[in-house]
Amino acid sequence: MDKSCNLLFALAVFVLLYTSLATVPNISTDEAALLALKSHISSHPNNILASNWSSSSPICSWIGITCSSRHNRVTALDISSMQLHGTIPPHLGNLSFLVSLDISNNTFHGDLPKEMGHLQRLKLINVRSNNFTGTIPSFLSLLPNLRFAYLSSNQFLGKIPSSISNLTKLELLTIHTNFLEGEIPKEIGDLRNLIVLNLQDNQLTGSIPLSIFNSTTMQVIALTDNNLTGNLPRTICDRLPNLEGLHLSSNSLGGVIPPNLEKCRKLQILSLSYNEFTGTVPRELANLTALTELYLGIQHLEGEIPAELGNLKKLQLLTLDQNEFTGSIPETIFNISAMQSLDFSMNKLSGPLPSDLGCGIPNLEELYCGGNSLSGFISDSISNSSRLRMVELSDNSFTGVIPESLGNLEYLEVLNLELNNFISDSSLSFLTSLTNCRKLRALRFNENALDGTLSASVGNFSNSLQNFQGNGCKLKGIIPREIGNLTGVIYMSLYKNELTGHIPNTIQDMFNLQEFYLQNNEIKGTIPNVICSLKDLGALDLSTNHISGSVPSCLGNVTSLRKVNLAYNRLNSRLPANLGNLQDLIEFNVSSNSLSGHIPLELGNLKAVTLIDLSKNDFPGKIPITLGGLAELTDLSLAHNRLDGAIPDSFGQMLSLEYLDLSYNNLSGEIPKSFQALVYLKYINLSFNKLSGEIPIGGPFKNVTSQSFLSNDALCGDFWINVKPCQTKSTEKPRGKRVLIGLYTLLGIGSLLVLAVGYVVLRLRKTKKNPSQADVSLVKEHERISYYELEHATEGFDESNLLGTGSFSMVYKGILKDGTLLAVKVFNVQ
């Protein structure tokens, strides 16, 4: 009996142990979880997982899988940057031995499943650069061993949970480039092991919690590009001995820059640009000897730039742009040999640059000084900064010649010298020297009184040149045909010069040209048809020259055109109908030429156009009704032509119209009532036409004056417009009123008959007194007097003939055609 009981007990123990062992997670559990993940991936262009993650091969040999040798379980999953698209299944929470999870740089979407909170061994989670949505996963606070959390570049929204402070081992937290809002939880300051905090590029508000500045382990605080406000604490660096990077740019932080920053002696990057800081730059910043990058641009800082900044010998980048700094730029800054980028642009700086500019900063790559009041010469020694790529000296008062030594800068990409007082020799030799800069992309020397001639050497620039601006330089002579060699140029402006001659046909070789500005010169000849071969041309401005001939019909084939200005020339052709093909055209101006022929109906196809100016030409005939379909049009001028007929009623459909000038034509008929719908119309001029009828009173006509309607003698309207009043028009009355008016009319006629009988009686009495007139009185005894005769006798019942007024009637004097005087009693003059 005892033996049988023991046997049964042993069997029961075996069954329990077997069942327990059968349910313990093992490598098969991991395999099932990963296959579930694979099934949730809807797109994997390289098919890496499709061919590799298979039950036919050991799981620990799968791509992206690392297993532990001790437990033979999956400890790391790395499928980053595989172009995978899909969702994360809850099965991933079964990888209970997982230490590292990296699924970054894919396009996974949806929420991260809460089952991931089971990954108790997880130390690293990297899901950055995906499309995950929802709030920051709450399960993160359940991962006690988590040290590194990369959640950036997703679509997470909502607030940062304060429960994140439960991650006491957390060393790195990056949640930048999401849609987080609300305040930064002060509990983040409880993360005593935190080294990197990156919350940049979100929508966080409020002030920065002071607790963050008490984390002695902190090396990087990155809060750039949020909506943070408030001031920085005066004691900001008292407990940040290890801080290397403080990134606070692009917020709304204010107050002064704390001098206490000097205590962050390990600070390498200090970024405070794009804020509301005021006051001066603390001289104490010169004690940050480890500093390599200092961003203080776009603030309200003032005063002089501290010369002590020249002590920052490791400084590679200094931006002080768009402040209110005064005084000169300290020469000490130009002796920091490590310097690579300097930006002083858009301040109130004055004085010269160093005479040995370039000698002390051999590694300088970028120099921005534009938008100040700097003066003096630019030294030839600038070429000692042989690595210069960007030189921006525009909008200052620099004088002297442009150094030819600039041509020695083999890395030069952008040179901007515009809006200064530079001079040059007559051959513009500095341009010849710059042709040695084979990487030059943009050259701007406009608005300097160079007073020279473009030579053939201008064609020697490399194909890298894309932007060439020489407008407003008093350039003379012809445009050299070698300009056609500039095949890489996209933007060229030579306007406001004294250039003569023709537009060279070689322009057709500038096949990348998109914008070409030659206005305000002395150019002659015709518009060459070869210009139509520039298939990327978007803007063409040849206005205010002496160009004659026709508007090339081939322009209608350059469908890339957005702006065409040919005004103030001597063009004398018809407008080509195929200009209507330019359906992306925004501005079209041919004013002040001698163009003739009817305005093409096809202009109504320019559906994107906002400005059309055809004024001061010789266009006859009717205004095309098709223009009324230009819904985007804001400015239209057809003034000073020979247009006749009516103004199209369709103009009332141009609801964006703000400016309309139809003056000095032969237009007739009425002003369309549809104009009252043009609610944005600010200026209208219909003067010197032959318009008639009533001026509308609604919409834009509420604020017009007589200046809009001069010399249209047949127009009428309200008195404030200073035109003649309109005649009152009879209108249909309601039936009740018509009956009442009829009764008054009968009463009036009856009154006239009574007066007529009285008149006859008076005549008879007069006859009795004068027998010699008996025959005449008998003839007139039954004479009737019509209302028409009474009206004329009283001059239309004019007030000047009113003799008196009673309670119910008025008495007028009158003179009949035969000279007879009479008094007319009228009960109702209507």
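Reader: Which residues does Cys473 touch, not counting residues up to four places away in sequence?
Author: Keep in mind that this is a predicted model. Cys473 sits in the loop between β32 (467-469) and β33 (476-478). Leaving out residues up to four places away in sequence, Cys473 touches Phe445, Asn446, Glu447, Asn448, Ala449, Leu450, Asp451, Lys496 and Asn497.

Reader: Is Cys473 buried or exposed?
Author: The cut-off for buried is under 20% relative accessible area. Cys473 has a relative accessibility of 0%, so this residue counts as buried.

Reader: How many Å separate the C-alpha atoms of Cys473 and Leu419?
Author: Along the chain, Cys473 and Leu419 are 54 residues apart.

Reader: What about Leu790: buried or exposed?
Author: Leu790 belongs to helix α7, which covers residues 787-793. Its relative accessibility is 5%, and therefore Leu790 counts as buried.

Reader: How many Å apart in space are Leu790 and Val824, C-alpha to C-alpha?
Author: In sequence, there are 34 residues from one to the other. Going C-alpha to C-alpha, Leu790 and Val824 are 8.0 Å apart.

Reader: What pLDDT does the chain average?
Author: Of the residues, 88% score at least 70. For the chain, the average pLDDT is 89.

Note on methods
Residues numbered from 1 in each chain as written. Predicted model: local features only at pLDDT ≥ 70, side-chain atom pairs only at ≥ 80, totals over all residues. Heavy atoms only, no water. pLDDT = per-residue confidence, 0-100. Helix = DSSP H or I, 4+ residues; strand = E, 2+ residues; numbered from the N terminus. Buried < 20%, exposed > 50% of the residue type's maximum accessible area, 1.4 Å probe, protein only. Contact = heavy atoms within 4.5 Å.
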